[in-house]
Amino acid sequence: MQKNRVFRGCKYLGIIFPMLGSVATAGFFSSSVELYVSPTGSDANSGSERKPVASLARARDLARSQAGKKDVTVHVGDGIYYLPQTLVFTPADSGSEKNPVVYKADNEGGAVLSGGSKLELDWTAYQDGIFQAKTPSGLEVDQLFIDGQAQRMARYPNYDPKKKTAAYQGFSVDAFSKERAANWADPTGGYIHAMHVQQWGGYHYRITGKDAEGEVTYEGGWQNNRQMGMHKDYRMVENIFEELDAPGEWFHNAKTSTLYYMPAVEVDLAKAKVEVVRLRHLVEFQGTQAAPVKCISLQGFTVRHAARTFMDCKEPLLRSDWAIYRGGAFLLTGTEDVSILDCEFDQVGGNAVFVNNYNRRTLVKGCHIHDTGASGVCFVGDPKAVRNPLFEYKETNDLSKIDLTPGPKTDNYPADSIVEDCLIHGIGRVEKQPAGVQISMAQGITVRDVSIYDCARSGINVSEGTWGGHLIEGCDVFDTVLETHDHGSFNSWGRDRFWRSDVKTSQIAIDQNPKLPFLDAVETSVIRNSRWRCDHGWDVDLDDGSSNYEIYNNLLLAKGLKLREGFRRHAWNNVIVNNGLHPHVWYVGNQDEVHGNILMSRHRPARMKRPNAESARVDKNLFFVGNASVVKATSDTLGWDKQSIFDDPQFVDPASGDFRVKEGSPAFAIGFKNFPMDQFGVKKPALRKIARMPQLPSPVLAQAKAKRAPQKARKATRPAKPSVWLGARLQALSGEAFSAYGVGKEEGGVVLTQLANNSSAAQQGLKEGDVVQQVNGQAVRTSAALLRACADAGKKPLKLKIVRDQQAKEITVKASNSGM
């Protein structure tokens, strides 16, 4: 179970960190200090209510002498504060547990912190509905805002808001083809955005020009930790002048200091407010573990105009699919008891809040984070705190030589922190490997009562097991993995020091030392009382090696629960609508338990053939299905569900999302207990009022029962004889197998499912589980296609492209041995 964590902190901070009740009137002998900031003030003023200062930086400087000695409240009046540079807080600005420092907007959302500048422009007509205006010399424009709304760089293909699940809301195979680029006078400074070949996130490139043959040249592609190249179709270019052809698009020619813009019909450029972005970080807390920034709260601000950072997203994260940029509109490094309260992060270009390395008791509460270029809130620690860290997916540890000391080496990571009562949506408008909340190399992070939706990738992501103790509760997460693939509304990896993609090697080491999976995942993480929906992956996806989780009292609405490869995952008392359990590549002795759940489909195992009942408990579930024999056939293969039952759970009101069961339901016989179905997501009234709800499914079986008519018994058909090649049985990839083998559906392939050591396949270096994708350059998606390609080769050697342990390889076999 998750340990009870001890919190201490400043008296202002929230529910767990008790809030300051009132602020005393300022005075010479007062125990408190009150300062005032106004857009109409002057930094030459004293900061009193009658003589406010003009900037938060000046208020900070005035507060510094009393910070930590007296309660300090900085009242910030309504208006826009264009920050000339990043507002930095150091240890000298710290409050104390007894005397916190609070920067508070007079009216929530009324004080706007901007990292941009307002431009006063004289527009003239250019051509074809495009207008032009001269800009200040030396101005760099990363983003353009018209009347508060971000506009789009000139791009191809054009943005189509109706294509919500299409990559970049518009893509084309010829995005930067030689033929297309022939129309571009000078594309230097443009950008290529492309999805990962397997749609595991994306890549970004800066165009450097064209070569002598007219081909586009570019640099970049470091933003994804699974370096496999860009997708051949899912590509888009932007910041190309010749592609300015749609309302809302713009292009800035820095050489001539000219801004070109095509306004929508409703935009009046003569009256429009024009703003551009300058700063990457609007606020930074700069401390260390030895000298932290302490007990400061920022409350009620609107945060806008933070620059995009996708070209600086370079740091790989511990064999996850991620690379990271350590920055955001608010960047916290070396803090204790810092709170971000009731703030709106509006269309920031990168991450909204980044909690970097050593931080304790950070609180992000009551915030509205939307339309971010990258992630919402990130907690990311120091790789140097990790024992035996590895970074690229293909790297492996020698398990006989790893450090066997549990836990981190240092304290340089975020811990005991909370994201609570927030609304987070529109995540990944630029980058395609984002999350509403991202957790990596951290411990004891709580995500509570948060609504997250409209995400390019996951809603909540835990990048590895280091170091567990997280609590996810009361969340409502849906409409995720919209532009990507093979992921979940909740996603985790556990590619910790014990994990290798060649499962057999890890299995041998773990058999000898069962403590290996828990060296990094030292504390149990809990997922409870939440609602999940993902229509493009899994509702909850515990991927490669994810270990030490408890999952209970959850409502899963679409694609079920996936558990791959890890240890000690206990899932009970969940309702999984129209789906069920997806067990992928389980270790022997994994201590997993799945019981007391309501399931609506058979289990969907991948790369699992042998009985697993001795090492895992999957039993006493209720299956609400139309054909019990199908469920039993799968479960019997694995030795599961001997005491499970098949019946109607009698849901209370599924049409309204109430999947509790009625009194007298057979679900109570398996130990199921009702849990609230009306308390998912954000609670703050102003945010709950505007928060969306997920699409609620109708139980498919209930519809089928209403329409079912008597059917004649069907004749049993003999199963097709399996194809054999080089002494190996063949099976084309389908369904769950694509994810299990790490292969995209577009490429497909044929798996060698069984082969003896003395088979021709084994003697020529092939292994069970190899996926054959090409024979002599010819794609093979079916067993028949593989056999035809071998026959077509005649006596020529067969050059095979295979995927082994999710890594592409090439191997050649002799034609003389290529028969059946």
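## Cavities

Across the whole structure, a search finds 8 cavities of 30 Å³ or more. A cavity is a set of points, on a 1 Å grid over the protein atoms alone, where a 1.4 Å probe fits but cannot get out, and lining residues have an atom within 4 Å of a point. Grid points are joined across faces, edges and corners, and a volume is the space filled by probe spheres set on the points. The model is predicted: local features need pLDDT of at least 70, side-chain atom pairs count only at pLDDT 80 or more, and totals for chains, interfaces and linings use all residues. Residues are numbered from 1 along each chain as its sequence is written, and side-chain values use heavy atoms, with hydrogens and water left out.

The largest cavity holds about 130 Å³ of space. Its lining has 17 residues, with Cys313, Ala323, Ala374, Glu431 and Gln433 closest to the centre.

## Nonpolar cores

A nonpolar core is a set of buried Ala, Val, Leu, Ile, Met, Phe, Trp, Tyr and Cys residues joined through side-chain atoms within 4.5 Å; buried means under 20% relative accessible area (1.4 Å probe, protein chains only). The largest core has 86 residues, of which Phe301, Phe330, Phe345, Ile460 and Phe490 touch the most other members. A second, separate core of 22 residues includes Leu730 and Val813.

Technical notes:
Buried < 20%, exposed > 50% of the residue type's maximum accessible area, 1.4 Å probe, protein only. 1 Å grid on protein atoms, 1.4 Å probe; cavity = no way out; pocket = protein on both sides within 12 Å on 5 of 7 lines; lining within 4 Å.
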